[in-house]
Amino acid sequence: MSETISSAAAQLPSRYDPLEVEGRWVERWADQPFEADPTSGREPFCIVIPPPNVTGNLHLGHAFDNALIDTLIRFKRMQGYEALFQPGTDHAGISTQVQVERALRSEGTSRHELGREAFLERVWAWKDTYGDIILGQLQRLGISADWSRTRFTMDEGLSRAVRRQFVELYHQGRIYRGERIVNWDPESQTTLSDLEVEREERPGTLYTLAYPLEDGGAVRIATVRPETIFADQAIAVHPEDERFRSLVGRRARIPLTDRWVPIITDEAVERDFGTGALKITPAHDPTDFEIGERHGLEHPSVIDLRGHLAGELVPERFRGLERFEAREAVVAALRDEGTLQGEEAYTIPIGVSQRTKVPVEPILSLQWFYDVEPAARRVLRALDAGEIRIVPERYTKVNRDWLEGIRPWNISRQLWWGHQIPAWYDDDGNVYVPDRDDPFTDPGDRPENAGKRLRQDPDVFDTWFSSNLWPFSTLGWPDTDDPFYRAFYPTSVLVTGYDILFFWVARMEMAGLEFTDQVPFRDVLLHGLVLDEQGQKMSKSKGNGIDPLTVIDSYGADALRFAMTYASTGGQDVRWDERRVEMGRNFNNKLFNAARFTLMQLGTGAEDAGPPERLADRWMVSRLQRAVRGATEALEGYDLGAANRLLYDFVWSEFCDWYLEASKPALKAGDARSRYVLRTTFEAVLALLHPLVPFITSELYEALGHRQQLALAAWPTFDEGALDPEAERDFELLRQAVGAVRALRADADLPPGKVLPVHVSGEAAGALLAEAEVVAALARAELTAEPARGATLTQVVPGLELRLPFAGLVDEAEWRTKQERRLDKLKADRQRSERKLANERFTANAPAEVVEEERRRLAEADDLITRVEAALAQLDREG
């Protein structure tokens, strides 16, 4: 093997080029994906990808998700599990249709001009053109998915799963059609779930209106939407509100109309809002709708699907006006009529479409709904029983709270792209849904419906009504005999952002228990959002997004993966900081240089696998075992940030900075056991780092002469018998002594290349002198037990005193003068920092990092002043 290693060392370039190396491995892993074998007999481990939008591009959220997932998958694969990273994409109904419609507008046409069939052909063509882009981008990140099993939420298998779900729930009576207030997006012309609506607070106006009473006087109401008064059906007051007791049962006229409405009581009225009297508009407000249902009120609508005022109840002069233009016109008319009693600035909570950013309109609409409450109760029982564990644990309560307050789910969307609802209607409006026992046969194809004219519901399902099945539909369900379903379901862990805990996680929990009688995953690992440097959410509109592909082009994918896992801590949001990526790049360069050194040493002779004898080797073997144990425990506990930071410190400091330097004397002397420790330790280092930075570790492992790629090698196992506390203690003493020698060099102001005579005394002197060769390699010092004569500088560590004589090295007078000048400057620096930090204007107004840096400078000045004063005092005593 030494000849192979020697050849590999010669072939390694002098500098690491991540783009060249990563490009080769990306191609290899794409052509030879990590295919899972459900019949292997190994313990299964499966994670499904949070499916990105099929026509989307990679963003930092995807990078964060997939870096964490792939780290766990590679770790478990190396531990011997049959690991499946299940990839795929989501059809993303609204966003994909919006993109294609935008393209059609640029061509001077529309989906309505094309017709449904031609439009869907265009969307499928769009998907075929752009759909694989994001998968290729994920491959650049080093994702070890089984690309041969890539799924799409509208492929044949998943479409069958969606249909089975609908048919089953319909025949249970859990899915039904009904009129409800829904969130309507006038821009995309479809309903939205509550989770697809972002809540914003915007400045607005609270208007006080006078509704004249039938027998004289008026009742005052407050509203932020005066344009909806034409749909009012009543005025409601709280039954215990004494202010309005005499008005209950009377009638009031809607301003600008000749319609009269009753004054009723309802406990839902908030007495502290406005005047305490509430106008009831059942078709345009969810609370009003519920009040209307309780009191048998009609629910006419005065705002159409374009967001314009419409209908016979609207005075002709306002018909056709856009809703916000209509508000201004109605307010002006109320002012002229004298029924506008007051206006005051008011912050209005408003719902905005997550996709189009247009304010949603609450409208009354006939939609399909899914009663999810029974499924939510099952999930709550599973959470209580510990069948699903959420990490961090604090999100368990958040999950529970949403499930406990859940409402029927509006699952229909007025789109053309998506799973068309498998319900048909005859000329009399009767509904036909496939049989429960034959869900995949259309009702029109059944003999009992021969001759009937049936038309399919034009709506499609909410996108989440397919992705809620993702953990098991991707594995073959509803075919429960599929070997992948039998082997890998339930999946092992779900990794995703906390922001879709309700959108996706809770709905998968419900669907899993509803259709498989099992939880869809044992654990849920939630991570935070990636924010910009100022802590703001990244978005296209703000222009503050970071393109991960640009980062990869600049630093390499391993550096980005390193930054993502390094920052992963307890589900907290992460502020983007490019310095973490630079840190990852520098770490990879350090590892590459360590590999060059290692390969050169290993190509020089034989190895001896006997027990290590030299202190540095014994220390390294012991420290490696602690790193193996710590990294393994951190990864098994889903604390990827802790694993990253532990391995970073171990590899950078202990292995590279200390062991490689300390091993040089032994390697130079041809010690075969040291050569063996070096190789086995470096191989273990590569294995431990592989889940975090797979490209460079794969490349370097192959350079060591291995034919099997590192991803398929075994994960290092902890060996308690290899721990050597005595070696760790003795080497720690050596490290402190080396630090002391370096401090003596700095205090004496001597150049780094100068070999220093250092006199050692104390109870641990013998142990240190035994390692004189190693100390010489690490600190360029010659140790001696002889007493030092004349003026010296001294450093003390536990059990040791180290002295550096001035004689032949330092001009005492010149050194004293230089140190006194240095002391004066340090005191001036300290005084300047103290004045700054005592200035309240500075500490209150300067950026936090600037204030913190000034505190660091003060502490550093204090430390250096103490050291210089101590050195001068020692010289005075010895003089």
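Modeller: The crossing of helix 19 and helix 23 is left-handed, a term used if the near helix is turned anticlockwise from the far one by less than a right angle, with right-handed used if clockwise. This is a predicted model, in which local features need pLDDT of at least 70, side-chain atom pairs count only at pLDDT 80 or more, and totals for chains, interfaces and linings use all residues. Residues are numbered from 1 along each chain as its sequence is written, and side-chain values use heavy atoms, with hydrogens and water left out.

Helices here are DSSP runs of H or I with at least four residues, numbered from the N terminus. Helix 19 covers residues 578–602 and helix 23 covers residues 672–689; their axes come within 10 Å and cross at roughly 150°. Axes are lines fitted to C-alpha atoms, for helices over the stretch in contact, and angles run from 0 to 180 degrees between N-to-C directions. The two helices, helix 19 and helix 23, are therefore roughly antiparallel to each other, the label for angles over 145 degrees.

On the helix 19 side, the contact (heavy atoms within 4.5 Å) is made by Phe-587, Leu-591, Ala-594, Ala-595, Thr-598, Gln-601 and Leu-602. They meet Arg-675, Leu-678, Arg-679, Phe-682, Val-685, Leu-686 and Leu-689 in helix 23. The residues of this contact divide into 10 nonpolar, 2 polar and 2 charged, where Ala, Val, Leu, Ile, Met, Phe, Trp, Tyr, Cys and Pro count as nonpolar, Asp, Glu, Lys and Arg as charged, and the others, Gly among them, as polar.

Elsewhere, an open sheet of 3 strands has the order 8-7-13, with antiparallel pairing; strands pair if DSSP finds at least two bridges between them, and a strand is a DSSP run of E with at least two residues.

Technical notes
Angles under 35 degrees count as roughly parallel, over 145 as roughly antiparallel, 65 to 115 as roughly perpendicular and the rest as oblique.
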